[in-house]
Amino acid sequence: MTVVIGFEGSANKIGIGIIKDGEVLSNPRRTYITPPGQGFMPSDTARHHRAVILTVLKEALEQAGLKPADIDCVAYTKGPGMGAPLVTVALVARTVAQLWGKPLLGVNHCIGHIEMGRLITQANNPIVLYVSGGNTQVIAYSERRYRIFGETIDIAVGNCLDRFARVIKISNDPSPGYNIEQMAKKGSQYVELPYAVKGMDVSFSGILSYIEDASHKMLSSGQCAAEDLCFSLQETVFSMLVEITERAMAHCGSQEVLIVGGVGCNMRLQEMMGVMCKERGAKLFATDEQFCIDNGAMIAQAGWEMFRSGQVTELEDSWITQRYRTDEVEVTWRD
Amino acid sequence: MHVTHELELFPDHRVTQMLFKEVKNAAELRQCAVEGKIKGALINPTMLVNPFQVLVAANKAVNLQKIGKMKTRSLYSEIIFNLSPTNNISEAFKRFGSSDGDDSVLVVLVHDKDEPQLLSDITARVSGRQVPAEDVSSLTDHAKIKKLYKITPQEEKCGTLLDAVVCRMASKDIL
Amino acid sequence: MAQEKSMAIPEFLSKAELLKQGAEARVYRAEFLGKPTIVKERFPKRYRHPVLDEKLTHRRTVQEVRSILRCRRAGISAPVVYFVDYTSHCIFLEEIVGSSTVRDHIASTRQSDCSNELAWLAERVGQILAKMHEEDVVHGDLTTSNMLLRHQEDGESELFLIDFGLSYISALPEDKGVDLYVLEKAFLSTHPNTETLFERLLKSYAAASKKSSAVIKKLDEVRLRGRKRSMVG
């Protein structure tokens, strides 16, 4: 029996989760929400995380009904992410590991998403679409690495959606993406936007600057409603994501797709991916906001796999990094 | 002598090609075609590289006829038009259609089943010598074809003259 | 006469051999006008909005035909186009009989460790791509699966480029740099530990054309953008 606690705080969520051999014992989380029109700044986000992290830690232990002595390993997000929040969370993880006398493990955030997705959905060897505010990648496992077959060549899809939300002042509560999704359901008029797929790669910056520019004109002239723009933006960027996922499936001969990351809980994206999979006789695996959105359990789960395969991070190596590619990690726990 | 090919896309359509040399009544034949006494396309064989070229033109013509998108008034004029690399109809007829002074002609027929009567009607009308349709290659005017289809010397390195011609015929709608 | 959809092509394809279903199209093998033929059918993608679907499908069919013609004109081997139907979005192409993908070739050769042959192949690919970019054709989906190798009787091999659906015409070094970047990622993720081989490809690309150095510079920029991107969340 192995129990791992995971600390995650690479962006505006702070989460701590505890995993015992594939079972999620607890997974509390807090989100730093900024006013409409504003993104989250690193130092403010770090301040938010500092203020709540001990409360969240207490919750995690209480909900799991565990004492520090029951924990076998302390996992934390090493990167990628925002520097200041990463440092804050790593510092707490290091401290409790020393207080409790437990080994530490620095975990790649993206690997956390993938392993949590695999645990929850039981997908065996899927093509992974990892979509969030900072990442857009199509990943497949081969020869001990999660290899990136496709990704964004500029900004992430979630970043594109968030920044659009800021432009037309959509609320950030609970998240800009969620509110775009709700508004898109009321949209009907399809507005043509640029479509930028390059093989298994995508580009969103052109779409963002186009819609930033066009939205003011179109909204003030009454040519379309904000709901129509939300609808059209989702239809366009999600089509691109489904297309590159399908291209990777065809390329790798895979019959499974797993969607992870914050944008992955968008039901329209899941619906479109489901239609594509059905057409190919493939299977779609997705999770809900509990596990799609950044959380502590995902770091605990990746940490659990790493710990079981014999990895630990020495104290002097327990630094963080803002840039940490998914394919840098040697996957020692899979064949 | 003649070659007949059943169109794979349109199994009830067959394309027959008959080649005649030493033709003495080209003008008369052309008149017959205009009057509808010959139900077929009369083609200048020096502009053909291979019977396959005609099949490509005929298949496209039948397809466009089925979907109501022909650019000319009949299936046979459409076949001639399809051989041309450009979208200029009168230019296509001038280059690829039979002319009054020609001493050879390739007759293209589109029919639904084997029709020996149709073929013997044609042979009866043409005063000339029928030769195997494949022999069209011996009449090909390579220089003229290369010029008309604007075929580059590099292009012949990656394929035959026929390849180059067919590619242009197939893609002319989007140029 | 009103335009109607002919059932001839769907009926024909229902009897053809389905080779694969790619991200864009179903690919069939059949005999057409007496020749071995590959049919690429861009069927409607029901996951995407019908307006977007129609626009993409039509544009890609047209681009594929255009770029094939442009490449062949420049002496770059690509399959001959026999017939295009824009209502069912089908392209009928020459089948490159007796060929295998560069991807399969690399995979099987690496097992037997014939590094000389692979080096030759990488250089050849680099040259062809330089030539293609010289013609301002940006392929848009370069992978080792989209290159075919046909061994000829004289021992020489002929390299074909295929799948031009995402291609477009551009003279911008940026677009060509992204084209190589897409290939680099597909290449290295499909064939792990082949960095030196890909280096060789790029070197030969750089040596083959005067326009290459600007493209390689852009490639470096695009790579850097990827590494520099903060990856929050």
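**Entry 1**

I placed Ser132(A) in the loop of chain A between β7 (127-131) and β8 (136-142); strands are DSSP runs of E of at least two residues, helices runs of H or I of at least four, numbered from the N terminus. Gly134(A) lies in the loop between β7 and β8 of chain A, and I noted it as buried at 3% relative accessibility.

I record that this is a predicted model, in which local features need pLDDT of at least 70 and side-chain atom pairs count only at pLDDT 80 or more, while totals for chains, interfaces and linings use all residues. Residues are numbered from 1 along each chain as its sequence is written, chains are lettered from A and ligands numbered from 1 in the order in which they are written, and side-chain values use heavy atoms, leaving out hydrogens and water.

I then consulted the unreviewed UniProt entry, whose "binding site" annotation includes Ser132(A), Gly134(A), Asp162(A) and Asn266(A). Such annotations may be inferred rather than shown by experiment; feature names are shortened and positions follow the numbering used here.

**Entry 2: chain C against chain B**

I counted 33 residues of chain C in contact with 31 residues of chain B (contact: heavy atoms within 4.5 Å). The two chains bury about 2800 Å² between them, 66% of it on carbon and sulfur atoms; this is the accessible area (1.4 Å probe) lost on putting the parts together, summed over both. Of the area that chain C buries against chain B, Leu33(C), Arg72(C) and Arg73(C) supply 24%, more than any other three residues.

I found 5 residue pairs in polar contact across this interface, both residues at pLDDT 80 or more. A polar contact is a pair of N or O atoms within 3.5 Å; within protein, one must be able to donate a hydrogen and the other to accept it, and residues adjacent in sequence count only if both atoms are side-chain atoms. On the side of chain C that touches chain B, α2(C) gives the largest share, 6 residues.

**Entry 3: His5(B)**

I located His5(B) in strand β1 (residues 3-6) of chain B, buried at a relative accessible area of 18%. Its side chain makes a polar contact with that of Glu8(B) at 3.1 Å. Leaving aside neighbours within four places in sequence, His5(B) has contacts that include Leu55(B), Leu33(C) and Gly34(C).

Terms used: Buried < 20%, exposed > 50% of the residue type's maximum accessible area, 1.4 Å probe, protein only.
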